[in-house]
Amino acid sequence: MFLKRQIHCSLVLCAVAISTANAYFEQGDAGQEVFSFMNTFDSPRNAALEKSASALPSADPTISQLNPAAIRLPDGKERVVSMHWQTGDMAENQGSIFYTSQFRNIIYQVSYNWLDYGSIDGYDIYGDKTGKTYEPFSQLVTATAAFPMKHFDFGFSLKFASDKLAEEEGDRMAYGAAFDWGISWQASSHLFGFSFMARDFGCLLQDYVDDGEDEFYPFGQTFAIGGFLRPKVLRRMTLFMENDFPRYAEPDLNLGLEYALGSSFFVRAGFTRTWLDLKRDFLELTSSESRPDETNEARMLSAGLGYNSNLFSLDYAFSYLAQGMGMEHRIGLRVGF
């Protein structure tokens with residue numbers, strides 16, 4: 001009865017969050033969201049699979065970044081501490097720390113995530129250096145609860161984020177709150193499953209300028225549908241797919257593959273492309289003259305390795321970013337006890 005009441009309360013919270021999300025299906029103002037950095041805190045496994053693995057429950061607790069319902073504790077472990085860090089052309093120092101444990105039938109988790117952009121020179125409207133240096137810094141704190149069941153799983157996360165851009169007169173730190181939830185189902189054979197998620201439904205609580213008024217700009221507000229498949233003829237391999245439908249950006253398709261080399265080593269690869277570009281690619285292949293003029297060229301490709309033992313787990317990922325924006329390296333460690 002305790003678990004049933006908790007699930008009912010969580011479903012009510014989800015319904016309220018969607019109903020108050022500024023008429024999600026009635027507005028499509030591209031580029032209007034803020035705090036997009038919240039989507040960059042990917043663990044090495046999630047990054048290597050290009051955020052496609054949301055439907056498969058995982059003992060890697062950072063799966064909560066994609067689907068709060070998919071968290072599992074490793075067999076024989078009561079708590080897990082996870083850490084991952086990344087560097088690349090878009091961030092000088094970025095990382096996350098997770099703590100995951102269980103109370104009765106509920107898996108709970110807290111995390112702290114930071115993003116340090118390094119020192120950035122200031123420029124005026126004419127493109128000349130001002131002599132000032134800025135050090136923007138972003139943070140994200142999350143609290144997650146997951147309710148694993150026989151076939152269906154449910155989970156939700158509360159998020160609190162802050163962002164400091166500059167320290168000019170009148171500027172201040174902006175902060176806001178958001179809500180995620182997810183539902184997963186997998187077949188009794190554990191060969192395939194599906195998931196449905198809502199991420200970053202929230203807005204600013206305090207904006208960047210101290211002018212006596214606050215603009216409550218929204219966050220990304222993304223719905224996502226995912227699935228996984230383990231072919232019977234090759235059960236060491238798992239195929240992943242996720243479709244993301246953000247309110248303020250083009251929908252995209254994420255594909256991933258994970259192959260187990262024995263019981264401890266894993267090889268991973270992932271690919272992301274927007275549906276607009278996929279449509280254009282298809283029409284180009286068919287020599288159609290009706291292909292869209294616009295294009296996102298938002299192609300991303302990642303790969304990674306993983307090692308898992310009873311003592312610790314280690315993951316690595318390498319990503320080519322979209323539109324020639326460079327590359328990123330991620331490394332992660334988790335310990336269960």
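**From the cavity to the cores**

Strand 1 (79-88), strand 15 (312-320) and strand 16 (327-336) each contribute at least two residues to the lining of the largest cavity, where strands (E, at least two residues) and helices (H or I, at least four) are DSSP runs numbered from the N terminus. This is a predicted model, in which local features need pLDDT of at least 70 and side-chain atom pairs count only at pLDDT 80 or more, while totals for chains, interfaces and linings use all residues. Residues are numbered from 1 along each chain as its sequence is written, and side-chain values use heavy atoms, with hydrogens and water left out.

Among the residues lining the largest cavity are D60, H84, D315 and R334; a cavity is a set of points, on a 1 Å grid over the protein atoms alone, where a 1.4 Å probe fits but cannot get out, and lining residues have an atom within 4 Å of a point.

The largest nonpolar core has 14 residues, and F35, F37, M38, A161, L204 and F219 have the most contacts inside it; such a core joins buried Ala, Val, Leu, Ile, Met, Phe, Trp, Tyr and Cys residues through side-chain atoms within 4.5 Å. Apart from it lies another core, of ten residues, including I106, F147, F156 and A198.

In helix 3 (residues 275-285), L276, D277, R280 and L283 are buried, meaning under 20% relative accessible area, whereas exposed means over 50% (1.4 Å probe, protein chains only). Seen down the axis of helix 3, these buried residues fall within an arc of 125°, so they line one face of the helix, the arc being that of the directions from the axis to the C-beta atoms. The face turned away from the buried side of helix 3 carries exposed F282 and L285.

Key: 1 Å grid on protein atoms, 1.4 Å probe; cavity = no way out; pocket = protein on both sides within 12 Å on 5 of 7 lines; lining within 4 Å.
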